[in-house]
Amino acid sequence: MSDITQVQADAVLVAARDAARETGTAMNIAVVDAGGNLKAFTRMDGAWLGSIDISIKKARTARFFDMPTGAIGELSQPGGPLYNIEVSNGGLITFPGGIPLRGEDGTVIGAIGVSGSTVENDHTVASAGAAVQLQGAAGL
C-alpha cells in the first residue's frame with residue numbers, strides 16, 4: 001500500500017493553511033494516511049474546538065470511500081443510494097471539506113479534511129491542500 005510521507009503531509013498542511021489565511025478564516029486541517037490514521041494536523045489560532053473532530057472525520061471519510069465528502073453527501077440524501085451512511089464507521093462527515101490525496105501514479109495515499117468555516121470555504125481550503133499533492137509533492 002502506498003502511503004503519504006511526512007514531508008508530503010506537511011506540504012499539504014502548509015498549502016491549506018495558506019489558503020485558509022487567504023479566506024480570512026481559522027481552520028482545523030487534518031491529513032490522514034492511506035489507512036485513515038491521522039498523519040498531520042494543525043489548529044489555527046482561533047479555530048473552533050468543535051471543528052477538530054469534524055476535520056479529522058472529513059479526512060477519514062474521504063479516505064474510506066476515496067471520493068470527496070461533498071460527493072458522498074449528494075449520494076446520502078433521503079432516497080439516495082447511501083442514505084444514512086454517516087452513521088457508519090463510527091461517524092462520517094458527508095458535507096464538503098474532505099478530499100482524497102493521490103500519489104503521482106493515481107493511487108490514493110491519504111486524505112485531507114478541513115473544518116472551521118462555510119462548507120464552500122472548507123472545500124476551497126481542502127482543494128488547495130490536495131492540489132499540492134496532485135502536483136507531485138512526492139518529490140519534496
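Me: Which residues touch the most other members of the largest nonpolar core?
Reply: In this predicted model, they are Met27, Ile29, Val31, Leu101, Ile112, Val114 and Val125. The core has 20 residues. Elements giving two or more residues to the core are α1 (6-23), β1 (28-33), β3 (98-102), β4 (108-115) and α4 (119-134). The largest share, six residues, comes from α1.

Me: What makes this set a nonpolar core?
Reply: The members must be buried, of the listed residue types, and joined through side-chain atoms within 4.5 Å. Met, Ile, Val and Leu are on that list. Met27, Ile29, Val31 and Leu101 are among the members. A second, separate core of six residues includes Val32, Ile56, Ala59 and Ala62.

Me: Why is Thr42 called buried?
Reply: Buried means under 20% relative accessible area. Thr42 has 14% relative accessibility, so it counts as buried. Thr42 is found in strand β2.

Me: What does Thr42 contact, leaving aside neighbours within four places in sequence?
Reply: Leu13, Arg17, Met27, Asn28 and Ile29. Contact requires heavy atoms within 4.5 Å.

Me: Which residues does Ile29 touch, not counting those up to four places away in sequence?
Reply: Thr42 is one of them.

Me: Why do the side chains divide between two faces?
Reply: Because side chains in a regular strand alternate between the two faces of the sheet.

Me: What makes β1 and β2 a pair?
Reply: Pairing needs at least two DSSP bridges. β1 and β2 (residues 38-43) have five, in the antiparallel sense. Val31 stands opposite Ala40 in β2. Their hairpin has four residues between the strands, and Gly36 takes a positive phi near 85° there.

Me: How many bridges join β1 to β4?
Reply: Six, and the strands run antiparallel. At least two are needed, so β1 and β4 pair as well. Val32 stands opposite Ala111 in β4.

Me: How do you know that the span of α1 is close to the expected one?
Reply: α1 has 18 residues. The expected span is 1.5 Å times one less than the residue number. That gives 26 Å, and α1 reaches 26 Å from its first C-alpha to its last.

Me: Which residues of α1 are buried?
Reply: Gln8, Ala9, Ala11, Val12, Leu13, Ala15, Ala16, Ala19 and Ala20. Just after α1, Gly24 takes a positive phi of about 75°.

Definitions and conventions:
Residues are numbered from 1 along each chain as its sequence is written. This is a predicted model: local features need pLDDT of at least 70, side-chain atom pairs count only at pLDDT 80 or more; totals for chains, interfaces and linings use all residues. Side-chain values use heavy atoms; hydrogens and water are left out. Buried means under 20% relative accessible area, exposed over 50%, partly exposed in between (1.4 Å probe, protein chains only).
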